[in-house]
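Look over the model first.

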Amino acid sequence: MLKLGVTHPEELRALIAFRLWYEKKRDIAAQEEHETSGWDRESMRRCWTFLDKTSRSFSAVIKELDGDLARIICLYYLVLRGLDTVEDDTSLPDEVKQPILRSFHTKLSAPGWTYNGVRQEEKDRQLLVEFDIVIDEVMRLEPRYKDPITDITRKMATGMADFCHRADTKSQFGVETLEEYDLYCHYVAGLVGEGLSRLFSASGKEAPWLGDELVLSNSMGMLLQKTNILRDYREDVDTNRLFWPRELWARYGFAHPQELHDPKNEERALFALSEMTLDALRHVPDALDYLTLLKNQSVFNFCAIPATMAIATLETCFMNTNVLHRNVKIRKGQAVQLIMRSTNPREVALIFRDYARKIHTKARISDPNYMALCIMCGKIEQWVERHYPSFVSIQTSPTAEGVQASIVSTDPRARILQRDQMLERKKRGGAGQAAAADQSGFMWELVVFVLLGMVVIVGMGVAIAWFVATYLAD
């Protein structure tokens, strides 16, 4: 704590403020929440316990979703976590794993089904051992919720089964090309985003058409998944699994992924890491577009907090040799700052802009990806500037409700905006005199520019005539 106070005092201040002042949006165990949270049922209480065990970070944001959406997303997460646990167990023979994965979605309508064939080392093994309680709760859901969960589970399980079969029978590496990498991330994360959008729409808390925004939903999931894959390099390679595409790291002269963490290969390994970062960053504009579509505050927080933590993780990992040797995470104080700031689309966009600038600053000219990285960071900056112009200042007023916007008058773009606003008012007939004055001012500027141009042209003519008369005359 003392070290944090010296090196990052603003993060220490955020930690203290968070512990002292942060209040949970809801308490799912409270009596008045039982109808929507299901806390009064022993089976649902056990599901909430499993959620806490599988992911503390996701658990916190899921529990703060409004109404019954928290319970629905909890069950959705546990179903997919159970599926992922089967896929992760490399000790299961392909002939055993394939039928389980491909029929997993049917188990959601099979009361009493459990599975204890996963090895003891798997962190979420107990979830599958007691999976019947998850099934019981899923079967309680209305069709508008159960159908999307079942459909996404089916699609994801099919994709996972295909990749597991390839890795077990055809290739020593699970992912060969960048196209396969995108497809794998779509199956394991893009589909999760699609399912979430469908559930948000079905709940009525977001627009009905949000569930049809497949590209944006996919990009949200892809950004998070590719960040995790990038960060987990050492953990995956030590367990003889790697999701970095062979096409990517092979172009830097590596014959096997284990070679990346050899100290003598550090520079080339960092270039491979740089390209992985670049590939993840290309999903940022779509992710920011998606966040602007969300209207419910609890849904926005649920999506925005993981997204801002993803961009912070990418910046922390970028050109960081520690990624090659251990699992790298952002600081706890940094995470708290992001949680406290990720409350609206504008603030989230500024967070992305700031971290994109940091990535750009850390980029090396010797990196083959340098130019592409600069362009990608510029695209993020451009997205933010287009949606939230820097010459518009936003302040929270203690005497007025909400926020107030003001124009930074020193910015040249402010004059263009003000002129356009005056012209617009003139069209509406509201401020004809002011608009005329503005037009008059504009004409005076034009006259001055024309006169200056004429003076320059005449001056140049006189100078040329003098030069000819002095030096070229007989």
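Is Tyr77 buried or exposed? Tyr77 is buried, with a relative accessible area of 15%. Buried means under 20%, exposed over 50%, and partly exposed in between (1.4 Å probe, protein chains only). This is a predicted model: local features need pLDDT of at least 70, side-chain atom pairs count only at pLDDT 80 or more, and totals for chains, interfaces and linings use all residues. Residues are numbered from 1 along each chain as its sequence is written, and side-chain values use heavy atoms, without hydrogens and water.

**Aromatic pairs**

The whole structure holds 11 aromatic pairs. Rings of Phe, Tyr and Trp (its six-membered ring) pair if their centres lie within 6.5 Å; planes under 30 degrees apart are stacked, over 60 edge-to-face, the rest tilted. Two of the pairs are tabulated.

| Pair | Centre distance | Plane angle | Class |
|---|---|---|---|
| Phe58 and Tyr77 | 5.7 Å | 40° | tilted |
| Trp113 and Tyr115 | 6.4 Å | 5° | stacked |

Phe58 is partly exposed at 28%. Trp113 is buried at 17%, and Tyr115 is buried at 15%. Phe104, Trp113, Tyr115 and Phe131 form one aromatic cluster.

**Helix packing**

Helix 4 (residues 42–54) packs against helix 9 (residues 131–140) at about 115°, with axes 9 Å apart. Helices are DSSP runs (H or I, at least four residues), numbered from the N terminus. Axes are lines fitted to C-alpha atoms over the stretch in contact, and angles run from 0 to 180 degrees between N-to-C directions.

Arg46 lies over the face of Phe50, 4.4 Å from the ring centre. The criterion is CZ of Arg or NZ of Lys within 6 Å of the ring centre and within 35 degrees of the ring normal.

How values were computed
Helices (H or I, at least four residues) and strands (E, at least two) are DSSP runs, numbered from the N terminus.
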